[in-house]
Amino acid sequence: MHYKMPILEENGYVVLRDYDGPVIGEEEYQHLGFMDWKSGGDTNFAPLASATGEMECGGFWEHGQPDKDGIWTKNEQVSPSLARYVRSIGVRFGRVRVIKLNPYTSREEAYRNLHLDDNNRLNPDGEGWVVRAWLELTHCPDSYMVLRHSKDDAASEHRVAAVRYRQLVVDTERLWHVVSHLGPEPRYALITSLESGPELERWISSQLPAGFALAAASPAREAGPGRSEAGSSQRRVRVA
Ligand SMILES: [Fe+2]
């Protein structure tokens with residue numbers, strides 16, 4: 001058994017308020033060292049933290065460890081803002097990578113790339129479940145992350161627009177996901193593996209949209225926005 005956060009219990013993800021810190025210049029993600037690594041389409045990944053600190057994108061399990069305790073790579077020097085951002089979360093992190101997603105040729109092609117992640121291999125019993133946080137770096141308002149409870153269940157689909165500085169946390173080992181992106185330019189985003197626990201709950205709580213707070217003990221429903229952007233409405237309550 002692993003510790004899982006109540007905030008993700010109902011929907012498996014939560015949309016936070018948009019990042020409002022210092023501007024992250026495009027040189028901090030476009031000038032990173034990228035590697036040809038395919039995941040969910042025509043993608044390249046720039047590792048900012050890896051299992052060993054080397055420039056590699058593989059699973060931490062290849063080094064006999066869970067997706068935790070990532071070590072900064074030389075890309076950290078290229079992107080001090082993103083490294084600062086990850087440190088500011090204050091949570092045990094594993095893989096930290098910037099994804100460069102080239103456009104799909106069609107929505108259908110994007111949906112064919114729906115997949116689950118492998119975040120918890122070798123995660124010791126009793127520790128926190130590994131989830132992933134996104135920070136969108138480019139502004140692609142016509143693109144969106146598709147989230148489904150099962151691959152072919154369109155009725156369960158939620159969408160989160162890939163707009164600049166959007167932040168969200170997703171249990172990507174539970175939810176099928178892909179970003180439907182038709183371009184014309186590549187889309188960039190920071191993806192960080194994070195350990196579930198009180199520290200991450202504190203950070204999520206600090207990043208909720210104005211007027212929202214985590215529910216204390218019992219589930220509570222809020223009259224939030226529509227399902228496409230609402231995120232995990234269960235246990236996220238509107239406060240006066
Ligand atoms: Fe994924």
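1. Basis of the model. The structure is a predicted model, in which local features need pLDDT of at least 70 and side-chain atom pairs count only at pLDDT 80 or more, while totals for chains, interfaces and linings use all residues. Residue numbers start from 1 along each chain as its sequence is written.

2. Overall content. The protein has six helices and 13 strands; helices (H or I, at least four residues) and strands (E, at least two) are DSSP runs, numbered from the N terminus. Of the 240 residues, 42% are buried. A residue is called buried if 20 or more other C-beta atoms lie within 10 Å of its own, exposed if 12 or fewer, and partly exposed in between, with C-beta atoms placed from the backbone. Among contacts with a separation of 6 or more, 74% come from residues 24 or more positions apart. Two residues are in contact if their C-beta atoms, placed from the backbone, lie within 7 Å.

3. Helix H3. This helix spans residues 80-89, and its buried residues are Leu82, Tyr85 and Val86. They lie on the same side of H3 because they cover an arc of only 95° around the axis; the arc is that of the directions from the helix axis to the C-beta atoms. Pro80, Arg87 and Ser88, on the other side of H3, are exposed. The packing partners of the buried residues of H3 are helix H1 (27-30), strand E3 (43-50), strand E5 (93-101), strand E6 (130-136) and E11. After H3 comes Gly90, with a positive phi near 75°.

4. Helix H5. In H5 (residues 198-207), the buried residues are Leu200, Ile204 and Gln207. Their arc around the axis is only 65°, which puts them on the same side of H5. Pro198 and Ser206 are exposed on the other side of H5. Strand E1 (13-15), strand E9 (167-170) and strand E11 (187-195) are the elements against which the buried residues of H5 pack.

5. A three-stranded sheet. Three strands form an open sheet in the order E8-E7-E10, with antiparallel pairing. Strand E8 (158-162) and strand E10 (176-180) are at the edges and have a single partner strand each, so one side of each is left without a neighbour in the sheet. From one strand to the next, the twist averages 20°; axes are lines fitted to C-alpha atoms, for helices over the stretch in contact, and angles run from 0 to 180 degrees between N-to-C directions.

6. Pairing of strand E7. Strands pair if DSSP finds at least two bridges between them. Strand E7 (residues 140-148) pairs with E8 over five bridges in the antiparallel sense, and five bridges also join E7 to E10, again antiparallel. Leu147 stands opposite His158 in E8 and opposite His177 in E10. Tyr144 has Ala161 in E8 as its bridge partner.

7. Tyr3. This residue belongs to the segment before E1. Tyr3 counts as partly exposed because it has 13 C-beta neighbours inside 10 Å. Leaving aside residues up to four places away in sequence, Tyr3 touches Gly128, Trp129, Ser196 and Gly197. The C-alpha atoms of Tyr3 and Gly197 are separated by 6.9 Å, although the two residues are 194 residues apart along the chain.
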